[in-house]
Amino acid sequence: MAKSVAGKQTGKKQAIARTISAGDDESARGRLLGAATRLFCKNGINATGIDAIISEAGTAKTTLYKLFGSKTALVTAVLESEGKQWREWFIAEMESGGGDAETKLARIFPALKSWFGEERFYGCPFINAVGEHDKDQKQFRTIAMRHKKVVLAHIEKLAREMGAAEPESFSHQLALLIDGAIVAAMVSRNPEVADTAGLAAKALIEPAKLKAGQRSSKAGTQLAAV
């Protein structure tokens, strides 16, 4: 009986130890991701060594390799984490306050201007990652394209709701303005480039709606003729 109780106590201690270890790993993972994100964005991926990351995170090098396996895997994790957070923020900024689709689209560049004005704005991590590496390297490009597809899909949905004649084309045009504004703000450190991009976006919206109206009018005329 005593042996059975001792076995149960040992098993309980092992379970507690595993729980603590898992908690420690999760805490270390969060610190490493946070440190890597700050350093990659500020200094660049290639310029940031493993030693700088573990020093910033306050972890051991063995912990980094245990949790991520390699620097490339850490970069991938940073991009996926940053992409998710940015998309959630960006879509929430468009949707906050409700309104029609055009109103939501009009919120894009004021939101970007606010982001550009932040002290820790260092541009788009995806643009930076792809720009820093061999253009034949597909791994980071693939992650960047997945990120862009989610953003494009939401803009295209709003474009359809707005009544754009060619919502897919419109979403790509708007995305080019977004990317251009991000790069311009990173280079110039001037948040007001978002205002200029916003004016260009307005110039796209009216013709897109007009084309839709013309198409509907034409379709109506043909139907009446039949």
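Colleague: Before we look at the voids, what should I keep in mind about the numbering and the predicted model?

Modeller: Residues are numbered from 1 along each chain as its sequence is written, and side-chain values use heavy atoms, with hydrogens and water left out. Because this is a predicted model, local features need pLDDT of at least 70 and side-chain atom pairs count only at pLDDT 80 or more, while totals for chains, interfaces and linings use all residues.

Colleague: How much space lies in the largest pocket, and which residues are the closest to its centre?

Modeller: On a 1 Å grid over the protein atoms alone, a pocket is an open set of points with protein on both sides within 12 Å along at least five of seven lines, a cavity is a set where a 1.4 Å probe fits but cannot get out, and lining residues have an atom within 4 Å of a point. Grid points are joined across faces, edges and corners, and a volume is the space filled by probe spheres set on the points. Here the largest pocket holds about 500 Å³ of space; 17 residues line this pocket, and Thr37, Cys41, Glu82, Trp115 and Arg120 are the closest to its centre.

Colleague: Which elements give two or more residues to that lining, and how do its residues divide by class?

Modeller: Helices (H or I, at least four residues) and strands (E, at least two) are DSSP runs numbered from the N terminus, and the elements in question are helix H1 (2-43) and helix H4 (71-95). The largest share, five residues, comes from H1. For the classes, Ala, Val, Leu, Ile, Met, Phe, Trp, Tyr, Cys and Pro count as nonpolar, Asp, Glu, Lys and Arg as charged, and the others, Gly among them, as polar; the lining of the largest pocket then has eight nonpolar, three polar and six charged residues.

Colleague: What is the make-up of the second largest pocket?

Modeller: About 330 Å³ of space lies in the second largest pocket, which is lined by 18 residues, with Cys124, Phe126, Ile127, Lys148 and Asp179 the closest to its centre. Helix H7 (125-132), helix H8 (138-162) and helix H9 (167-188) each give two or more residues to this lining, and H8 provides the largest share, seven residues. By class, the lining of the second largest pocket has 14 nonpolar residues, one polar and three charged.

Colleague: How many cavities of 30 Å³ or more are there, and what lines the largest cavity?

Modeller: The count comes to two. The largest cavity has a volume of about 80 Å³, and its lining includes Thr37 and Cys41, together with others such as Val78 and Asn128; H1, H4 and H7 each supply at least two of the lining residues. The second largest cavity, of about 30 Å³, is lined by Ala129, Val130, His133, Asp134, Gln137, Phe140 and Arg141.
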